[in-house]
Amino acid sequence: MLQLIQLRWLAVFGQLLTISIVHLGFGITLPLGTMALVLVVLVLLNLVSHLWLRGRAEVSSSALFLALTFDVAALTVQLYLSGGPTNPFISLYLLQVTLAAVLLDVRRAWALVGITSACVLGLTLHYRPLELPSHLADDLFRLHLQGLLVCFILDAALLVVFVTRINGNLRARDANLAHMRQQAAEADHIVRMGLLASGAAHELGTPLSTVSVILGDWRRMEALRSMPDLLQEIDEMQVAVERCKAIVSGILLSAGEARGEAPTLTLANTFLRELVEDWRITRPAATLTWDSSLDRNLEIIADRALKQVLFNVLDNAYESSGLPIRLSAYRQEANMVLEVSDNGPGFAPDMLDEFGKPYRSSKGRTGGGLGLFLVVNVVRKLGGTVTASNRAGGGATVTLTLPLAALAIEGSADHAA
């Protein structure tokens, strides 16, 4: 619709220029009052169209059809007043037909073809002949050829400019639809993985409880109390089992089966410090440093999904043999930015191009790449973005940009600013 409005502005200025040249330059008498009234109506239509478009997310095909029909009607009136089919600008109808073919569905496009054909037929039967001065009457054919040349150049230029723009808009729309379909497919993939993880957690709960009970029985057996080394290993096994049970509980919690009554509130720096400490327990051999320039009073919702996201990113940095690992947190306008850097080999170029796609991994194992896939999608659900890049001195950086509006308590983000 915006393209049609711009085209209508060009039509107003073009008609005004043409009428001035014909009337003043060639001395041909025209009904200036009526033709000027048509131009005023076109201007008013454009102003009303601009107001109508404000705040409107989309325009229906019927509205586009009515706009094109009105333009055809205005062109028909002007041609009727200026020679009808003898006017070389009658071929401007083809511009309207081309736009209809690009913008409208088949039924409406053919309807506009019928309307323009009826207008041309009507003009061949009824029109106001031009009253040419005597010095032009003998050179009518040359003037007609000149008019045809000007009209051809005008038609060709407008078609290239506006059809190219409209096709660009259509391609952008198609690309957006394809992106939305991809996101829907990824969301479906995540749901299926969540159901699978929830089912696996339920199945693992019983055997883990059984192992925990058996280890407790072993710990109390008289025959084993005299074996301190074995008791120490039993204690380590008990800790590992409890860790597994905590992971299973976390899976069920993330799936919504054991969610509390209210979200947990905490300071952003406290959340990050506890996350780093928990991760260090699972990776005692890793070297992880972290720093934060976030406001010390910034409160956020302690989302377990966000914690798992950061665990996945840290795990990927650890598995790339990129020690030491560094976690940095800072505020950037209305966003909290988390950067995880390592000194590993970095991402391959094809991995950067397909970052966050499922089953795209350089680790060479079945199912690899799902961790970063989940990271990208969870952050996207929070309204944020995830980017990856290779560092100039070696290693890689994964940057998570999260809007504070999705994490902070209402008012706390502004207070921290």
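Colleague: How many residues of the lining of the second largest pocket are nonpolar, polar and charged?

Modeller: This is a predicted model, in which local features need pLDDT of at least 70 and side-chain atom pairs count only at pLDDT 80 or more, while totals for chains, interfaces and linings use all residues. Residues are numbered from 1 along each chain as its sequence is written, and side-chain values use heavy atoms, with hydrogens and water left out. A pocket is an open set of points on a 1 Å grid over the protein atoms alone, where a 1.4 Å probe fits, with protein on both sides within 12 Å along at least five of seven lines; lining residues have an atom within 4 Å of a point. With Ala, Val, Leu, Ile, Met, Phe, Trp, Tyr, Cys and Pro as nonpolar, Asp, Glu, Lys and Arg as charged, and the others, Gly among them, as polar, the lining divides into 28 nonpolar, eleven polar and two charged.

Colleague: Which residues lie nearest the centre of that second largest pocket?

Modeller: The second largest pocket holds about 1200 Å³ of space, a volume filled by probe spheres set on grid points joined across faces, edges and corners. Its lining has 41 residues, and nearest the centre are Thr18, Val22, Asn87, Pro88 and Phe89.

Colleague: Which helix supplies the largest share of the lining of the second largest pocket?

Modeller: Helices (H or I, at least four residues) and strands (E, at least two) are DSSP runs, numbered from the N terminus. H1 (2-25), H2 (32-53), H3 (61-81), H4 (93-103) and H7 (140-220) each give at least two residues to this lining. The largest share is eleven residues, and the helix is H1.

Colleague: What share of the 417 residues of the chain counts as buried?

Modeller: The chain has 15 helices and seven strands. Buried means under 20% relative accessible area, exposed over 50%, and partly exposed in between (1.4 Å probe, protein chains only). Among the 417 residues, the buried share is 35%.

Colleague: Is leucine 306 buried or exposed?

Modeller: Leucine 306 lies in helix H11. Leaving aside neighbours within four places in sequence, leucine 306 is in contact (heavy atoms within 4.5 Å) with Phe271, Leu402 and Leu407. Its relative accessible area is 1%, so leucine 306 is buried.

Colleague: How far apart in space are leucine 306 and leucine 382?

Modeller: Leucine 402 touches both Leu306 and Leu382, among other residues. Leucine 306 and leucine 382 are 76 residues apart in sequence, and from C-alpha to C-alpha the distance in space is 9.2 Å.

Colleague: Where is glutamate 333, the residue with phi near 55 degrees?

Modeller: Most residues other than glycine have a negative phi. Glutamate 333 has a positive value. Glutamate 333 is exposed, with a relative accessible area of 71%, and its place is in the loop between E4 and E5.

Colleague: Which residues does threonine 116 touch, not counting residues up to four places away in sequence?

Modeller: Threonine 116 is found in helix H5. Its relative accessibility is 5%, so threonine 116 counts as buried. The residues that threonine 116 touches are Val72, Tyr93 and Val97.

Colleague: At 18% relative accessibility, does arginine 108 count as buried or exposed?

Modeller: Arginine 108 is found in helix H5 (residues 106-125). Beyond its neighbours within four places in sequence, arginine 108 is in contact with Ser61, Ser62 and Phe65. At 18% relative accessibility, arginine 108 counts as buried.
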